[in-house]
Amino acid sequence: MNIIKIFGHYLDQPILVTKFAQKVPVLVSAAAGGVVAYDVYNTPKDNRKNRLMQNGLTMFGAVASSLLAGRIIAKLFHTAPKIVNLKTLKKTNNNYINDFYNKYRIDEQNRKILDKAKNNILNIEEIKTIYKNFQTKEEKELLNKLIPEPENITSKDIFSEIGRLSVFGLIPVLGGILGGIAGDCIAGNNYRERIPNKIKEGAYQYLANIFLCNIGAGAALGILEKMNIKSKSARALGMVSGIILTGIIGGSAIANFIGKKVINKCFKSGNIQDKDRKPEPLDICLHSDDIATVAVMSGLRWIEPCLPALYSISGYRAGTGYRGRDKDFTPPSALSENPV
């Protein structure tokens with residue numbers, strides 16, 4: 001077994017995924033706090049209080065909603081949480097392994113590794129050893145129970161998951177916008193002037209960086225299935241290509257069209273940027289969440305805890321009303337007598 005597959009099994013250990021998921025709220029919150037602190041530090045001293053209020057609440061709205069999104073969609077879609085409780089997980093592992101001991105004989109080396117797997121994370125060398133030594137049907141079944149194999153998904157699987165994952169991405173965008181509006185209100189500035197660009201940026205982030213990418217991945221895989229292409233590498237490349245075409249290219253065009261033809265007409269006042277929002281390096285990097293989404297649907301469980309961090313970025317940009325680096329556009333922070 002090659003080292004890449006071994007490393008994949010190491011990352012997909014449910015105990016490791018659960019422990020990582022438990023640390024995500026702290027890690028994401030710390031990173032978010034650092035971003036806000038850096039921004040406030042680089043703001044003139046007489047405006048720092050307002051800047052802290054605005055960006056702090058925007059970031060809080062984006063991060064808090066992204067961390068709660070998993071629980072919200074579990075209730076909306078009546079699905080079980082993707083991350084299993086650690087105590088339950090350890091009990092399940094113990095049952096699997098003890099049942100295996102009762103039925104089959106096992107040597108000391110493998111037994112030592114399995115005993116550790118009951119309650120702890122195996123290291124890469126232990127993963128390599130156990131997968132090399134366990135070759136019978138029963139042994140492989142046990143390994144698949146302890147570390148489930150990634151699935152070879154179909155376009156139907158993707159489209160069945162699009163609803164859940166699209167709502168997952170929408171919640172942080174809405175949270176960021178609401179947090180940004182609350183921050184503007186409390187800071188005492190004319191918050192109504194900023195709302196249009198928050199909504200336009202939110203539409204851009206959601207359509208270009210989240211929703212349409214899922215559609216593109218599913219459509220691309222459907223085409224490959226019609227062509228009877230079964231190579232996993234070809235299918236992965238096709239899905240990534242679908243993400244790029246529908247997200248970076250198609251998503252940007254659709255979001256800009258909606259911004260001009262719908263959102264602008266809904267607001268008669270405000271400092272509204274009417275120029276097209278162009279994809280930037282960070283927007284392109286944000287498509288890693290779409291590739292992560294494909295991986296999640298493929299059964300790579302270690303990636304799902306990363307989604308709140310990735311979606312928080314979209315939520316934060318929406319909440320600040322960011323509309324790109326346009327020298328002709330007056331940023332929302334310059335719209336009041338007391339700019340921040």
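Mentor: Let us begin with contacts along the chain. In this predicted model, among contacts between residues at least 6 apart in sequence, 79% join residues at least 24 apart.

Trainee: What secondary structure does the protein contain?

Mentor: The protein has 13 helices and zero strands. Its pattern along the sequence is accordingly written α-α-α-α-α-α-α-α-α-α-α-α-α. Buried residues account for 47% of its 340 residues.

Trainee: Why is helix α2 called roughly antiparallel to helix α4?

Mentor: The axes of α2 (residues 14-41) and α4 (residues 86-103) come within 10 Å and cross at roughly 175 degrees. An angle over 145 degrees counts as roughly antiparallel, and therefore α2 is roughly antiparallel to α4.

Trainee: Which residues make that contact?

Mentor: From α2 come Pro14, Ile15, Thr18, Lys19 and Gln22, and from α4 come Leu86, Leu89, Lys90 and Asn93. By class, the contact of α2 with α4 has four nonpolar, three polar and two charged residues.

Trainee: What makes α4 roughly antiparallel to helix α7?

Mentor: The axes of α4 and α7 (residues 137-146) come within 10 Å and cross at roughly 170 degrees. With the cut-off at over 145 degrees, α4 is therefore roughly antiparallel to α7. The contact involves Asn93, Tyr96, Ile97 and Phe100 of α4, together with Glu138, Glu139, Leu142, Lys145 and Leu146 of α7. These residues divide into five nonpolar, one polar and three charged.

Trainee: How do you know that α4 is roughly antiparallel to helix α5?

Mentor: Helices α4 and α5 (residues 108-117) pack at an angle of about 155 degrees, with their axes 9 Å apart. Since the term applies to angles over 145 degrees, α4 is roughly antiparallel to α5. In this contact, Asn93, Ile97 and Tyr101 in α4 meet Arg111, Leu114, Asp115 and Ala117 in α5. The contact comprises four nonpolar, one polar and two charged residues.

Trainee: What places Arg111 over the face of Tyr101?

Mentor: Arg111 lies at 3.9 Å from the ring centre of Tyr101. The distance part of the criterion is within 6 Å, and Arg111 is described as lying over the face of the ring.

Trainee: How many aromatic pairs does the structure hold?

Mentor: The structure holds five aromatic pairs.

Trainee: Why is the pair of Phe168 and Tyr311 called tilted?

Mentor: The ring centres of Phe168 and Tyr311 are 5.6 Å apart, and their planes stand at 55 degrees. Centres within 6.5 Å form a pair, planes under 30 degrees apart count as stacked, and planes over 60 count as edge-to-face.

Trainee: How do you know whether Phe168 and Tyr311 are buried or exposed?

Mentor: Buried means under 20% relative accessible area. Phe168 has 3%, so Phe168 is buried. Tyr311 has 0%, so Tyr311 is buried.

Trainee: What makes the pair of Tyr206 and Phe211 stacked?

Mentor: The rings of Tyr206 and Phe211 lie 5.9 Å centre to centre, with 20 degrees between the planes. Planes under 30 degrees apart count as stacked, and therefore this pair is stacked. As to accessibility, Tyr206 has 16% and thus counts as buried.

Trainee: Which residues do ring pairs link into a cluster?

Mentor: The cluster consists of Phe100, Tyr104 and Phe134.

Trainee: Why does Gly202 count as buried?

Mentor: Gly202, in helix α9 (residues 195-226), has 4% relative accessibility, and because the limit is under 20%, Gly202 counts as buried. Leaving aside residues up to four places away in sequence, Gly202 touches Val173, Ile177 and Ala318.

Trainee: What makes Ser252 buried?

Mentor: Ser252 is found in helix α10 (residues 232-266). Its relative accessible area is 5%, so Ser252 falls under the 20% limit and is buried. The C-alpha atoms of Ser252 and Ala203 are separated by 9.6 Å, although these residues are 49 residues apart along the chain.

How values were computed: Residues numbered from 1 in each chain as written. Predicted model: local features only at pLDDT ≥ 70, side-chain atom pairs only at ≥ 80, totals over all residues. Heavy atoms only, no water. Axes fitted to C-alpha atoms, helices over the stretch in contact; angles between N-to-C directions. Helix = DSSP H or I, 4+ residues; strand = E, 2+ residues; numbered from the N terminus. Parallel < 35°, antiparallel > 145°, perpendicular 65-115°, else oblique. Contact = heavy atoms within 4.5 Å. Nonpolar A, V, L, I, M, F, W, Y, C, P; charged D, E, K, R; others polar. Phe/Tyr/Trp six-rings, centres within 6.5 Å; stacked < 30°, edge-to-face > 60°. Buried < 20%, exposed > 50% of the residue type's maximum accessible area, 1.4 Å probe, protein only. Lys NZ or Arg CZ within 6 Å of the ring centre and 35° of its normal.
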